[in-house]
Amino acid sequence: MDTIFGVPTQALFGQLLIGLINGSFYALLSLGLAVIFGLLNIINFTHGAQYMMGAFCAWFLLNKLGVGYWWSLILAPLAVGAFGMLIERTMLKQLYKLDHLYGLLLTFGLALIIQGMFRHEFGSTGQPYAVPKELAGGQNLGFMYLPNYRAWVIVASLITCLATWFVIERTKLGAYLRAATENPALVQAFGINVPRMITLTYGFGVALAGFAGVMAAPIYQVNPLMGADLIIVVFAVVVIGGMGSILGAIVTGFGLGVIEGLTKVFYPEASNTVIFIVMAIVLMIKPAGLFGAQK
Amino acid sequence: MADSEFRHQHIAFAVMTVLFVLAPAVIYPLFLMKALCFALFACAFNLLIGFGGLLSFGHAMFFGTGGYLAAHAAKVWGLTPELAILAGTVAAAGIGVVAGLLAIRRQGIYFAMITLALAQMLFFFYLQTPFTGGEDGIQAVPRGKLFGVLDLANAYAMYYVVLVVFLAGFLLIYRIIHSPFGQVLKAIRENEPRALSLGYRTVQYKFLAFVLSATLAGLAGGTKAIVFQLASLTDVHWSMSGEVVLMTLLGGLGTVFGPVLGAFVIIGLENYLSELGQWVTIVQGIIFVLCVLAFRRGIIGELGHWLKKPL
């Protein structure tokens with residue numbers, strides 16, 4: 001058997017793949033957080049709960065209504081996004097003039113309510129969700145076995161991330177968005193409906209979390225607490241990347257997933273903590289994060 | 001500065017002390033001790049957010065560290081309870097220095113996220129390291145004899161020791177917020193660039209406030225571990241960090257007595273709702289949302305506003 005640094009190549013590539021999968025979710029979630037933060041200036045603590053809602057939406061659609069994975073991939077983010085816009089219109093809107101910390105506290109409270117209700121309803125055991133039959137099976141690449149579904153997750157996440165980056169950085173709509181981030185009053189004076197833009201942006205960021213949830217359903221079990229611990233790791237990813245750039249969120253998301261995967265191979269004891277350790281080191285060297293600008 | 005300005009606070013303090021001294025006659029001491037430990041924890045947390053304007057979302061790391069070290073010191077090293085609690089407090093202060101150095105340069109939401117992430121790192125560390133006993137925690141910690149004399153197995157003896165610890169911590173915090181240091185801290189909370197321009201090294205002030213807050217949170221955690229003879233992962237979990245935020249928010253951010261009342265309400269609520277399982281989390285979430293949307297001054301804050309006197 002081939003080995004690299006005393007580690008079997010099979011294990012190495014296996015963990016690299018898991019790292020890329022985790023990285024896909026880190027990237028999607030931190031991207032949603034970055035988009036929301038850019039315009040609303042709040043950190044959306046409900047993000048993990050909304051990711052979980054996406055997964056449960058897919059599970060519900062399949063088991064109660066017989067709607068399959070591909071439709072779920074569209075319907076679940078729409079539903080979760082609509083729910084997010086409702087929250088923004090009814091609650092978050094009232095907090096924009098206050099200290100941004102209140103937004104964090106409100107979304108934390110909402111996360112507790114949502115996660116508590118799902119646990120009350122479904123308990124803490126996971127619900128299985130089958131891999132869609134078009135993506136069942138896998139490819140033998142010679143050096144490793146690659147399940148089709150996992151390859152799809154990585155590709156779909158990359159495409160979604162890059163599409164989001166393109167829309168925000170390269171289109172007219174994105175230009176309005178970036179302008180509103182800099183100076184909402186001025187953009188409003190040009191006749192653009194900024195409050196509606198804020199609502200739609202929050203909805204979009206939340207829909208990204210729902211989308212990630214649907215993609216996660218066949219890989220992890222659909223569990224009421226699946227987003228609770230994940231969101232903290234994603235926060236660390238956001239701190240490492242810095243809130244400055246969309247591309248930064250994507251690159252750090254995938255990068256840290258890979259670092260975590262490699263740590264599992266070479267020093268498994270630290271695999272839970274490695275992202276936080278990286279965060280501590282980055283804070284010492286670049287307090288604003290790798291891609292962030294110090295304000 | 002006239003003492004009379006704070007006379008109502010002195011009266012409130014006297015009333016609170018008398019109530020706590022008499023309370024064990026009518027309320028179960030174990031509940032009171034739990035609430036007092038959390039009240040001290042919330043007061044320590046409030047020192048940071050209410051007077052320094054820094055929201056830490058990782059305060060469970062100090063509370064939990066204080067608990068683990070106190071439990072370990074009492075059980076394995078065989079120290080007397082006061083030394084065990086001291087060991088926990090010192091350990092929390094040490095963690096506070098390290099976390100403070102990392103987090104203090106960022107503000108607002110970043111500060112909250114960094115402290116949360118550091119606390120999660122420590123959670124995983126305590127989950128894996130052998131001395132904490134992993135999922136089981138450190139169980140059957142002896143309460144021991146205070147100064148080698150007073151047997152704390154008696155619930156009432158234990159209660160009054162906890163009360164003394166709480167009152168000492170409370171008075172220390174009261175002294176801090178009314179000292180020149182506390183005034184500078186408030187100035188930084190209101191307008192940091194201005195305080196900086198007046199020549200105050202704001203980062204050092206915030207750092208000291210952070211370490212003080214961490215130390216007192218460790219004192220609360222260590223005391224709780226001795227009272228319940230248990231130190232477990234619950235006390236370092238992020239939900240504990242959220243709970244202390246909730247207690248302080250409900251009682252009133254930046255009030256002197258708010259965190260104490262907030263702690264009693266939340267602990268009381270948990271006691272009553274404990275049979276209803278997940279409803280505790282849901283109710284906590286609802287209180288969070290209501291406080292933020294409609295009730296930002298908190299109970300004591302509203303009362304003080306109504307009486308036109310800060311409490």
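This is a predicted model: local features need pLDDT of at least 70, side-chain atom pairs count only at pLDDT 80 or more; totals for chains, interfaces and linings use all residues.
Ala117(B) touches residues of chain A: leaving aside positions up to four places away in sequence, its contacts are Ile232(A), Phe235(A), Ala236(A), Val239(A), Phe276(A) and Met279(A).

The contact between the two chains involves 33 residues from chain A and 33 residues from chain B. On the chain B side, at least two residues each are supplied by helix 5 (108–128), helix 10 (238–251) and helix 12 (279–294). Helix 5 of chain B provides the largest share of that side, with 14 residues. Sorted by class, the side of chain B that touches chain A consists of 22 nonpolar, nine polar and two charged residues.

In chain A, helix 9 (residues 230–241) has end C-alpha atoms 16 Å apart; this agrees with the 16 Å that its 12 residues should span at 1.5 Å a residue. Helix 9 of chain A is mostly covered, with 12 of its 12 residues buried; among them are Ile232(A), Phe235(A), Ala236(A) and Val239(A). Within chain A, the buried residues of this helix pack against helix 1 (9–40), helix 2 (47–64), helix 10 (246–266) and helix 11 (274–285). They also pack against helix 5 and helix 10 of chain B. Just after helix 9 of chain A, Gly242(A) adopts a positive phi of about 85°.

Note on methods:
Residues are numbered from 1 along each chain as its sequence is written. Chains are lettered from A and ligands numbered from 1 in the order in which they are written. Two residues are in contact if their C-beta atoms, placed from the backbone, lie within 7 Å. Helices (H or I, at least four residues) and strands (E, at least two) are DSSP runs, numbered from the N terminus. Ala, Val, Leu, Ile, Met, Phe, Trp, Tyr, Cys and Pro count as nonpolar, Asp, Glu, Lys and Arg as charged, and the others, Gly among them, as polar. The expected span of a helix is 1.5 Å times one less than its number of residues. A residue is buried if 20 or more other C-beta atoms lie within 10 Å of its own, exposed if 12 or fewer, and partly exposed in between; C-beta atoms are placed from the backbone.
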